[in-house]
Amino acid sequence: MNAGREVPQAWVYTRFAIGRNSSYVKRAVSISIGSSKRDKASEVNLLGEQVSIERIGTDGDMEAAALKYRELDGKVDAFGVGGADLGLLVDQKWYPLYSVRPMVRYVKQTPLVDGVGLKNTLENASAPFVEAHIGNYIAATGRKAFVVSGADRWGMATSFMQGGYECVFGDIMFGLGLPVALHTAGQLKTLAALLLPVVGRLPFEWVYPTGEKQEKRIPKYQKYYHWATVVAGDCHYIKRHMPDDMQGKVIVTNTTTPEDVALFKSCGVKYLVTTTPVLEGGRLAPT
């Protein structure tokens, strides 16, 4: 890590999340301000240890999430922050989301992560994975990617830029509701430097769908969906303004439910690539 740079607290916590007593099934709980309809529990073998993974949604109620963290603090082995981030990491610069911090104010004992590490490591391999598996299709249809929010998923955004894709970033469209497209890493970094110190202090629900809002879809910015071969980024953002006609498109995203998959199929999506594993028919991820 670079000297002098503020390190996101969640990254520090991850160092202590592995290697505890293996004589029992460990429990990892993601408490999300997203819809409770996406709740799921599963048990997996991770690095030779049995881990129970659970998602609990609070339907947009951040205080209910805070109280659930307090209830379970010290009683489970790891926490995930779901439906929100503690901050955004854009080209090694950390931008706190101050409105989210109160949600985890009661966590004193249990290690906690918010997924930023995965977004900037695992998702950085998105474009190479796509090229390795459906590269011929991409070459035939064009290396054009509509990344719905590049600042939020810097690893995924840089992956497509470095992969030679012509990119459109929808950060201003999806975050601020303005029909302004971005095209370069420099524009993304400038936007982050100018706006995130302000946006980071706004109520989180102003810039990201929470609770029942995650289930609503109002087609918008359709020309960018139609222009792209690949539509990439946060699944809620992708669905939020996705048109009914997505014939032949490639979706690259994080967490999906069987309902999401059915929606993508009904709209004509040709390939769905996800960065999180399928666990008993669905996916669990710290988003």
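Me: Where is Leu178 found?
Reply: Leu178 sits in the loop between α6 and α7. Helices (H or I, at least four residues) and strands (E, at least two) are DSSP runs, numbered from the N terminus. The model is predicted: local features need pLDDT of at least 70, side-chain atom pairs count only at pLDDT 80 or more, and totals for chains, interfaces and linings use all residues. Residues are numbered from 1 along each chain as its sequence is written, and side-chain values use heavy atoms, with hydrogens and water left out.

Me: Why is Leu178 called partly exposed?
Reply: Its relative accessible area is 43%. Buried means under 20%, exposed means over 50%, and partly exposed is in between (1.4 Å probe, protein chains only). The value for Leu178 falls in between, so the label is partly exposed.

Me: What does Leu178 touch, leaving out residues up to four places away in sequence?
Reply: Leu178 touches Ile172, Met173 and Tyr221. Contact means heavy atoms within 4.5 Å. Leu178 and Tyr221 are 43 residues apart in sequence. Their C-alpha atoms are 9.8 Å apart.

Me: What makes the phi of Asp59 worth a remark?
Reply: Asp59 has a positive phi, about 55 degrees, and is not a glycine. Asp59 belongs to the loop between β3 and α2. With a relative accessible area of 42%, Asp59 is partly exposed.

Me: And what is the phi of Asp91?
Reply: It is near 50 degrees, again positive in a residue other than glycine. Asp91 lies in the loop between β5 (87-90) and β6 (93-96). Its relative accessible area is 37%, so Asp91 too counts as partly exposed.

Me: How many residues are in the largest nonpolar core, and which touch the most other members?
Reply: This core has 44 residues. Tyr69, Phe79, Met103, Phe146 and Val231 touch the most other members. Two or more residues come from each of β1 (26-32), α2 (62-72), β4 (78-82), α6 (171-176), α8 (222-227) and α9 (235-240). The largest share, four residues, is from α2.

Me: Why is this called a nonpolar core?
Reply: The term covers a set of buried Ala, Val, Leu, Ile, Met, Phe, Trp, Tyr and Cys residues joined through side-chain atoms within 4.5 Å. In soluble globular proteins, nonpolar side chains tend to be buried together.

Me: Which residues are in contact with Val231, leaving aside neighbours within four places in sequence?
Reply: Val231 is in contact with Phe146, Val148, Tyr225, Ile238, Met246, Val250, Ile251 and Val252. Apart from this core lies another, of 31 residues, including Leu88, Tyr137, Ala145 and Ala192.

Me: What makes β9 and β12 edge strands?
Reply: The open sheet has the order β9-β8-β10-β11-β12, with parallel pairing. β9 (166-169) and β12 (271-274) each have a single partner strand, so one side of each lacks a neighbour in the sheet. Neighbouring strands here are turned by 20 degrees against each other on average, direction ignored.

Me: How do you know that β11 and β12 pair?
Reply: Two strands pair if DSSP finds at least two bridges between them. Four bridges join β11 (residues 250-253) to β12, so the two strands pair.

Me: In what order do the strands of the mixed sheet stand?
Reply: The order is β2-β3-β1-β4-β7, an open sheet of five strands. β2 (40-46) and β7 (112-113) are its edges, each pairing on one side only. β2 and β3 (residues 49-57) run antiparallel, joined by seven bridges. Glu43 stands opposite Ser52 in β3.

Me: At what angle does α2 run to β1?
Reply: The angle is about 165 degrees, and α2 lies across β1, β3, β4 and β7. Axes are lines fitted to C-alpha atoms, for helices over the stretch in contact, and angles run from 0 to 180 degrees between N-to-C directions. Helix α4 (residues 126-141) lies across β8 (144-147), β10 (230-232), β11 and β12, and runs at about 165 degrees to β11.
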